[in-house]
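Please keep the model open in your viewer, with the sequence panel beside it, and follow the stops below in order. Each stop names what to select and then describes what is there.

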Amino acid sequence: MNKGNKLYEGKAKIIYETKDKNLVIQHFKDDATAFNNLKKAKVEGKGVLNNRISEYILSNLSQCGVKTHLVKRLNMREQLIKKAEIFPIEFIVRNVSTGSLTKRLGIPEGTILEKPLLEYCFKNDELNDPLISKEHILTFGWATEKELNLIDKSTLRINDILTGMFRAINIKLIDFKIEYGKVWNKDTEKKEIVLADEISPDTCRLWDVKTEKKLDKDRFRKDLGNIIQAYQEVARRFGIMPEETNISEVNFGKTIPIKFKKK
Ligand code: 5GP
């Protein structure tokens, strides 16, 4: 699949056109950002690992009947995906309190929630992705009630599937963020809602069951070190470490700060 013009460049990924107007290429960068871009670094090998881990997770979800944007992984850093109109909403599911929930509401760190908590944030960097309610989404037409009901149901089902997938490799799924989009279905000649973006240690909080060691982007956010080793550990436990032959092409493990400004 030939790569065409760059359509969009985000903090961790680049989207390129292809000859097919309904398909694009998603390229995973090594860039890591936190606190709305105030902290930035290159974490060598991160893009390769996230590409592989996200492919593995989305393929598993697809086998469970969840519709996703993924067509196939093309190479170490790229996936062929369906071109989607992304809903401007981050769907966050929490099983254990930490992060912004603990900060916002004072719920003690590590509190196990009685049932998964679903939150919505407005995807807007300038506004710092603010927390919103269902009413905001409906009032401003960011999704219809029917779309939101379908997405909410799918999101909680994804939480169940992911919780089991991670539990099987001795990892607790603490929380995660997902995104959805609408894609053109050639067969039905209608738009349909699919899971988009990525699911990886960049978008989840993952704690080792026994030691509660963080195996996710909090290692970068909180300067805990060994970021890439943690991502590699997740891939290794899934049994999907990137091909041995290609590993030497990637300089794994080095973190090169780009800029660091304290809030
Ligand atoms: P919190 O709201 O506690 O900062 O994040 C909750 C969960 O959603 C965490 O797993 C976090 O990684 C994920 N998350 C929330 N917003 C973003 C975002 O803008 N980018 C990424 N990569 N993950 C996010």
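Select Thr 139 first, a residue of helix H3, where helices (H or I, at least four residues) and strands (E, at least two) are DSSP runs numbered from the N terminus. Thr 139 is exposed because its relative accessible area is 60%, the classes being buried under 20% relative accessible area, exposed over 50% and partly exposed in between, with a 1.4 Å probe and protein chains only. Show its side chain together with the backbone of Glu 135, and you will find that the Thr 139 side chain reaches the backbone oxygen of Glu 135 at 2.7 Å.

Before going further, note that this is a predicted model, in which local features need pLDDT of at least 70 and side-chain atom pairs count only at pLDDT 80 or more, while totals for chains, interfaces and linings use all residues. Residues are numbered from 1 along each chain as its sequence is written, and side-chain values use heavy atoms, with hydrogens and water left out.

With a relative accessible area of 6%, Ala 143 is buried. Setting aside neighbours within four places in sequence, Ala 143 is in contact (heavy atoms within 4.5 Å) with Phe 87, Ile 89, Ile 137 and Leu 138. If you also select Leu 74, which is 69 residues away along the chain, the distance between the two C-alpha atoms reads 31 Å.

Continue into helix H4 (residues 145-167) and select Asn 159. Is Asn 159 buried or exposed? Its relative accessible area is 1%, and therefore Asn 159 counts as buried. Which side chain does Asn 159 meet in a polar contact? The partner is Asn 95, and the polar contact between the two side chains is 3.0 Å; such a contact is a pair of N or O atoms within 3.5 Å, where within protein one must be able to donate a hydrogen and the other to accept it, and residues adjacent in sequence count only if both atoms are side-chain atoms. Not counting residues up to four places away in sequence, Asn 159 touches Val 93, Asn 95, Pro 116, Leu 173 and Phe 176.

Now select Leu 49 in helix H1 (residues 46-63), a residue that is buried, with a relative accessible area of 0%.

Ala 84 is the next stop, in the loop between strand S7 (78-82) and strand S8 (85-86). Ala 84 counts as partly exposed, at 25% relative accessibility. Beyond residues up to four places away in sequence, Ala 84 touches Gly 181, Lys 182 and Val 183. The C-alpha atom of Asn 170, 86 residues away along the chain, lies 33 Å from that of Ala 84.

Most residues other than glycine have a negative phi. Asn 37, in the loop between strand S4 (31-34) and strand S5 (39-43), has a positive phi near 80 degrees, and at 28% relative accessibility it counts as partly exposed. Asp 223, in the loop between helix H5 (218-221) and helix H6 (227-238), also has a positive phi, near 55 degrees; at 58% relative accessibility, Asp 223 counts as exposed.

Finally, clear the selection and view the whole chain, which has seven helices and 15 strands. Its C-alpha trace spans about 45 × 45 × 40 Å along the principal axes. Of the 263 residues, 49% count as buried, and among contacts with a separation of 6 or more, 58% come from residues 24 or more positions apart.
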